[in-house]
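I opened my notebook for a structure that is new to me. These are my entries, in the order I made them.

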Amino acid sequence: MPTPSPDRRVALVTGSTLGIGRAVAVRLARTGHEVVVHGRDRERAAKAAAEVAAETGGHTDTVHGDVADPAAVSAMMREVHRRHGRLDALVINAGGHAASLLGMMHSDVVSRLFHVNALGATHTLQAAVKLLRRGTDPAVVLVSSVMGRKGAPGQAVYSATKAAVLGLTLAAAKELGPQGIRVNAVAPGYIQTDMLSTLDDRARAETIAATPLGRLGTAGDVAAAAAFLLSADACFITGQVIGVDGGLVL
Amino acid sequence: MSQLDRLRGVFRASLSLPADTDVDGLHYRAIPQWDSLAHMALVAAMEDEFAIMIDTDEMIDMSSFAKAAELLEKHGADAVT
Ligand SMILES: NC(=O)c1ccc[n+]([C@@H]2O[C@H](COP(=O)([O-])OP(=O)(O)OC[C@H]3O[C@@H](n4cnc5c(N)ncnc54)[C@H](OP(=O)(O)O)[C@@H]3O)[C@@H](O)[C@H]2O)c1
């Protein structure tokens, strides 16, 4: 069993090779965490981890695996256990997106979205609980979406997967609170990452117009909220969903 | 102390059983002390004692002391004798 480093918190951020997860990894690495960077592919994850370490001067490590595959998730957690022995922070962020009107989405795509977003989050939390119990002031942040709270045309399936993440968050907060583990969620609005690359100029302008704060979000906006929820400043906060959406949910 | 004796010790400590309790024939939920909460504590104690990590599915399938001993062997926690 490795000796836990007393000065650094050990954080696993799933889906941190790019986008929101990557911004969370950078933010946590800057604030005294040893960040375990994760993606599906070993090389991509290792490259991202090296870049986060170089950018922040912080400490990073890597695990890889498809979160839709419970065996892969178990293997990831076994690696974290072997190398770090515990988790102090967990960000369940890995996810995918697809949009289509009801009746128009191929059943394979429906299944895949649920497998990655809803089941993936569930496998990750289940497999991490024992590591979190060994952590100090352990905290979890799950990345849902404004779509999981509000929905939109063309987003029914994605919204359902992200609503599942909210149900998981609320129940886990109640169940794990007595063990000292806090569980919260962030619900980003439209955030400028690769996931938003399908948004054409007209849709982009409409989205901005519908957002009270008048812009798209950045991955850094979401990272700031996640970092707060993981920090000691949020030590009496659990079971909450923080919208990071410029007021889109209103 | 043999691995099996260490495992017996983990069972007795985690389930708050007297030191002389025979745990070899024990089954999950057969005694009030071995409920689902205690099960998780027991698994965590096994992980700490033997420096292994037990999967969710393995944890659910660990329905007896004998199964726990099998699990240790599977994880290569040296020969269970
Ligand atoms: N962007 C938005 O507007 C927005 C809004 C609301 C919520 N969100 C949510 O925020 C999270 C991150 O989104 P993003 O915009 O940052 O997306 P992104 O830029 O596409 O990044 C997705 C990340 O997840 C990883 N990933 C994808 N599928 C995976 C799988 N099956 N197993 C393991 N890792 C997987 C990817 O890693 P590899 O490709 O290296 O495997 C990548 O690191 C998602 O849960 C998303 O639903 C995003």
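Is Gly214(A) buried or exposed, or partly exposed? I looked it up: Gly214(A) is partly exposed, at a relative accessible area of 42%. My cut-offs: buried is under 20% relative accessible area, exposed is over 50%, and partly exposed lies in between, with a 1.4 Å probe and protein chains only.

I noted my ground rules next. This is a predicted model, in which local features need pLDDT of at least 70, side-chain atom pairs count only at pLDDT 80 or more, and totals for chains, interfaces and linings use all residues. Residues are numbered from 1 along each chain as its sequence is written, chains are lettered from A and ligands numbered from 1 in the order in which they are written, and side-chain values use heavy atoms, with hydrogens and water left out.

**Gly214(A)**
I found Gly214(A) in the loop between α7 (201-210) and α8 (219-230) of chain A. Helices are DSSP runs of H or I with at least four residues, strands are runs of E with at least two, and both are numbered from the N terminus. I then took the C-alpha to C-alpha distance from Gly214(A) to Ala164(A): 29 Å in space, for 50 residues in sequence.

**Chain B**
I counted four helices and zero strands in chain B. Its C-alpha trace spans about 30 × 30 × 20 Å along the principal axes. I noted that buried residues make up 44% of its 81 residues. Of the contacts in chain B with a separation of 6 or more, 48% join residues 24 or more positions apart; a contact means heavy atoms within 4.5 Å.

**Aromatic rings**
I found three aromatic pairs over all chains. Rings of Phe, Tyr and Trp (its six-membered ring) pair if their centres lie within 6.5 Å; planes under 30 degrees apart are stacked, over 60 edge-to-face, and the rest tilted.

Tyr28(B) is partly exposed at 24%, whereas Trp34(B) is buried at 0%.

Last entry: Phe11(B), Tyr28(B), Trp34(B) and Phe65(B) form one aromatic cluster.
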